[in-house]
Amino acid sequence: MSGAAFTRLAAGNATRRTGFGYAERRAALIALATAIRAHEAEIMAALATDLGKPETETRLTEIVPVLAEIRHTLAHLRRWMKVRRALPTLAMLGTRARLRPEPKGTVLVIAPWNYPFSLALGPLVSALAAGNGAVVKPSELAPATSALIVRLVAAALPEDLVAVIEGGVETSTELLALPFDHIFFTGSPAVGRVVMAAAAKTLASVTLELGGKSPVIVGPGADLKRAARMVAWGKFANAGQTCIAPDHVFVPRAQEAEFLTALRAEIARMYGTDPRASNSFARIVNTRHFARLKAMLDEARAGGAELAAGGEADAAARYLAPTVLTRTDPTMAVSREEIFGPVLPVIAYDDLDAVLGQIEAGEKPLALYLFERDRAVIEHISAATTSGALGVNITLAHYLHLNLPFGGIGNSGLGAAHGIWGFRAFSHEKPVLEDRFSSLGLLMPPYTGAKARLAKLVQRLVG
Ligand SMILES: NC(=O)c1ccc[n+]([C@@H]2O[C@H](COP(=O)([O-])OP(=O)(O)OC[C@H]3O[C@@H](n4cnc5c(N)ncnc54)[C@H](O)[C@@H]3O)[C@@H](O)[C@H]2O)c1
């Protein structure tokens, strides 16, 4: 997008500011939902091309989240947009205060390739709900979905409201140099730093939805079968290419064998004895990521890690079986880097507090999962750890709960998405303060003795 094109979009949004009210925002969201429903078959086909994503998984993880975000937003938008009153504090008696949510202006949404449809359009829903114009930059690594998003958005929304700009790092870099009013980035922590540095130049606000390693703790009182089922589902959905996928599992040493048996049973239940033949298991996005994962696996095995399940790999088909490793060590890439694929290290532990200490010493995870029945242990771990979110006896599903903010902390992100938090990310809540009969005039210079005494009284009352 050229600077001139951006200026036109920004100018359009500035003139739209007062005209893009509840009815227009609602109409834009309904048009987007209608286009998504009309393009359903094309969405399925694009995701199958880019990620070998099974149709049901595409429906559940790409289409449903965006339609649900739209439905939730339509149900609550009038209330979110309301100008709210703020009660006067003692010092401000005699004034009237309100909070007016305003669109930030023209915003940029940069999306990753792993859920290339929902992570491009989900944030767009919040941007439109908050009254912004937007540029959406889908991921170049999911080209079929990227091209589809261009067609779908063009069919639904005016081009001076939303522009979809395709391209890779160069395009992204050019866009980041433009003076957007907010940047909503979903991707890796490394590129998140690039985005924040670029935003510093224009002082754009940012939401960073990043990644990292999300651990699972199987507690001493876990229901092992349930833990295995949830972990297998969370890890192997989209072949492990999920920002909140369980990265690795800590399991009490005495329960390791039983947990591994349960995990193998769940993998077989979900994907059969030959997951390659399953129509429920996705593929690795491209040969580069396949090679990265294969190298990680080979390095771990050469270093003494053992295969507890899977391990089969077919480069031509970008197929990597649901794989479980034991006996990994901290020097291996699987232990140091976000795995982002269907490889699951299971780590036996003797001391739960040492595990908590290890998690707290590392980068703050996007998600932490705990399997446990003992309420005291659940409360202890909730208090002892920091993460974007904590899932107890569940994986992934907090993403779908629109009355919860979704986001990371520290290395896993900044700010939050979904529901009202998405709306707020793209809004400026402007305080409007009106004087009615305040007594501020009594405190203005010249500072006579009476005013000095009054100031002391004010300090006693409100200070
Ligand atoms: N928190 C979340 O909601 C969430 C969701 C999905 C993925 N993720 C994370 O995203 C990562 C995987 O996605 P990815 O590989 O697409 O991420 P990425 O950071 O490589 O790319 C994301 C986007 O940034 C652009 N980009 C890449 N390099 C850039 C650069 N140097 N300058 C400017 N723009 C650049 C890409 O074109 C793409 O659109 C993982 O770390 C995963 O955990 C996070």
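Which residues line the largest cavity? Among them are Gly212, Lys235, Gly240, Thr242, Cys243, Glu338, Ile339, Phe340 and Gly341.

## Basis of the model

This is a predicted model, in which local features need pLDDT of at least 70 and side-chain atom pairs count only at pLDDT 80 or more, while totals for chains, interfaces and linings use all residues. Residues are numbered from 1 along each chain as its sequence is written, and side-chain values use heavy atoms, with hydrogens and water left out.

## Cavities

The structure holds two cavities of 30 Å³ or more, where a cavity is a set of points, on a 1 Å grid over the protein atoms alone, at which a 1.4 Å probe fits but cannot get out, and lining residues have an atom within 4 Å of a point. The largest cavity has a volume of about 50 Å³, a volume being the space filled by probe spheres set on the points, which are joined across faces, edges and corners.

Its lining divides into five nonpolar, four polar and three charged residues; here Ala, Val, Leu, Ile, Met, Phe, Trp, Tyr, Cys and Pro count as nonpolar, Asp, Glu, Lys and Arg as charged, and the others, Gly among them, as polar.

## Aromatic pairs

There are six aromatic pairs in the structure, a pair being two rings of Phe, Tyr or Trp (its six-membered ring) with centres within 6.5 Å, counted as stacked if the planes are under 30 degrees apart, edge-to-face if over 60 and tilted otherwise. Trp113 and Phe340 form one that is edge-to-face, with 5.4 Å centre to centre and 75° between the planes. This pair links distant parts of the chain, 227 residues apart, with Trp113 in the loop between strand 3 (106-110) and helix 5 (118-129) and Phe340 in the loop between helix 12 (333-336) and strand 14 (343-349); helices (H or I, at least four residues) and strands (E, at least two) are DSSP runs numbered from the N terminus. Both Trp113 and Phe340 are buried, that is, under 20% relative accessible area with a 1.4 Å probe and protein chains only.

Tyr271 and Phe281, which are both buried, belong to one aromatic cluster together with Tyr319.

## Around the ligand

The ligand is surrounded by 27 residues, the closest being Ala111, Glu140, Ser188, Leu210 and Glu338, where a surrounding residue has a heavy atom within 4 Å of the molecule. Glu338 is also one of the residues that line the largest cavity.

A polar side-chain atom of Trp113 lies 2.8 Å from an oxygen atom of the ligand, and for Glu140 a polar side-chain atom is 2.7 Å from a ligand oxygen atom. In Ala111, a backbone N or O atom lies 2.6 Å from an oxygen atom of the ligand.

Technical notes
Buried means under 20% relative accessible area, exposed over 50%, partly exposed in between (1.4 Å probe, protein chains only). On a 1 Å grid over the protein atoms alone, a cavity is a set of points where a 1.4 Å probe fits but cannot get out, and a pocket is an open set with protein on both sides within 12 Å along at least five of seven lines; lining residues have an atom within 4 Å of a point. A polar contact is a pair of N or O atoms within 3.5 Å; within protein, one must be able to donate a hydrogen and the other to accept it, and residues adjacent in sequence count only if both atoms are side-chain atoms.
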